[in-house]
Amino acid sequence: MIRFFLRKTDDFLCKNVKSIFEKTESAYKHRGLEINLFEELQHLEFNPLICMLGKSSNFEKNIKIKLKMVLGLFFVAIPLFAFGLVTYILNVDYAYAFVSTFVVAILVSSRMDNITSRYAHIRYLHAC
């Protein structure tokens, strides 16, 4: 059961990472903005979710913001609502809902970090 959940979560994250990259690239190409894809992919490979002020390009910031929005919506807001509802129904302290949501968010963010890093690396190798 746990493997099934992890596989579905990884599939969901992979599809979203690929979609975010493709949509952002096509938006930049549609606007006629130049991006150095090799450099951007190298930066994203080593720091997929961390933004450095002044060191990140707009392309990199857009990708990272979209990745964080997916994490925030699907793996913080929805689990918090679900765990909050369960704690309300079971008449348990709400702290359990926050702790459970925190655990889910940490685990999924590490998976997202790995998936994004691998995708950027694979994309970098294919772009060469």
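**Pocket, surface patch and salt bridges of the predicted model**

Asn 91 is found in the loop between helix 3 and helix 4, where helices are DSSP runs (H or I, at least four residues) numbered from the N terminus. The structure is a predicted model, in which local features need pLDDT of at least 70 and side-chain atom pairs count only at pLDDT 80 or more, while totals for chains, interfaces and linings use all residues. Residues are numbered from 1 along each chain as its sequence is written, and side-chain values use heavy atoms, with hydrogens and water left out.

The phi angle of Asn 91 is near 60°, a positive value in a residue other than glycine. With a relative accessible area of 72%, Asn 91 is exposed; the classes are buried (under 20% relative accessible area), exposed (over 50%) and partly exposed (in between), with a 1.4 Å probe and protein chains only.

A nonpolar surface patch of about 1,100 Å² is formed by Phe 81, Leu 85, Val 86, Tyr 88, Ile 89, Leu 90, Val 92, Tyr 94, Tyr 96 and Phe 98. Helix 3 and helix 4 are the elements that give two or more residues to this patch, and the largest share, six residues, comes from helix 3. Tyr 88 lies in helix 3 and counts as exposed at 57% relative accessibility. A patch of this kind joins nonpolar side chains (Val, Leu, Ile, Met, Phe, Trp, Tyr) within 5 Å, from residues with over 30% relative accessible area and no salt bridge. Accessible areas come from the Shrake-Rupley method with a 1.4 Å probe, and for residues only the protein chains shown count as cover.

The largest pocket has a volume of about 240 Å³. A pocket is an open set of points on a 1 Å grid over the protein atoms alone, where a 1.4 Å probe fits, with protein on both sides within 12 Å along at least five of seven lines; lining residues have an atom within 4 Å of a point. Grid points are joined across faces, edges and corners, and the volume is the space filled by probe spheres set on the points. Helix 1 (2–31), helix 3 (58–90) and helix 4 (95–127) each supply at least two lining residues, and helix 4 gives the most, with five. Among the lining residues are Phe 5, Phe 74, Pro 79, Val 104 and Arg 111. By class, the lining has 10 nonpolar, one polar and one charged residues; Ala, Val, Leu, Ile, Met, Phe, Trp, Tyr, Cys and Pro count as nonpolar, Asp, Glu, Lys and Arg as charged, and the others as polar.

Side chains of opposite charge can pair when their charged atoms come close. The structure holds three salt bridges, each defined by a side-chain nitrogen of Lys or Arg within 4 Å of a carboxyl oxygen of Asp or Glu. Arg 111, part of the pocket lining, meets Asp 10 in a salt bridge with an N to O distance of 2.3 Å. Asp 10 lies in helix 1 and Arg 111 in helix 4, so this pair ties together parts that are 101 residues apart in sequence. Asp 10 is buried at 18% relative accessible area, whereas Arg 111 is partly exposed at 30%.

A salt bridge also joins Glu 25 and Arg 123, with the closest N and O atoms 2.7 Å apart. Because Glu 25 lies in helix 1 and Arg 123 in helix 4, this pair ties together parts that are 98 residues apart in sequence. Glu 25 is buried at 5% relative accessibility, and Arg 123 is partly exposed at 22%.

Lys 64 and Glu 60 form a salt bridge whose closest N and O atoms are 2.7 Å apart. These two residues are separated by about one helical turn, because they are four residues apart in helix 3. Lys 64 is buried at 1% relative accessibility, and Glu 60 is buried at 4%.

Key
Patch = residues over 30% accessible without salt bridge, like charges linked within 9 Å, V, L, I, M, F, W, Y side chains within 5 Å.
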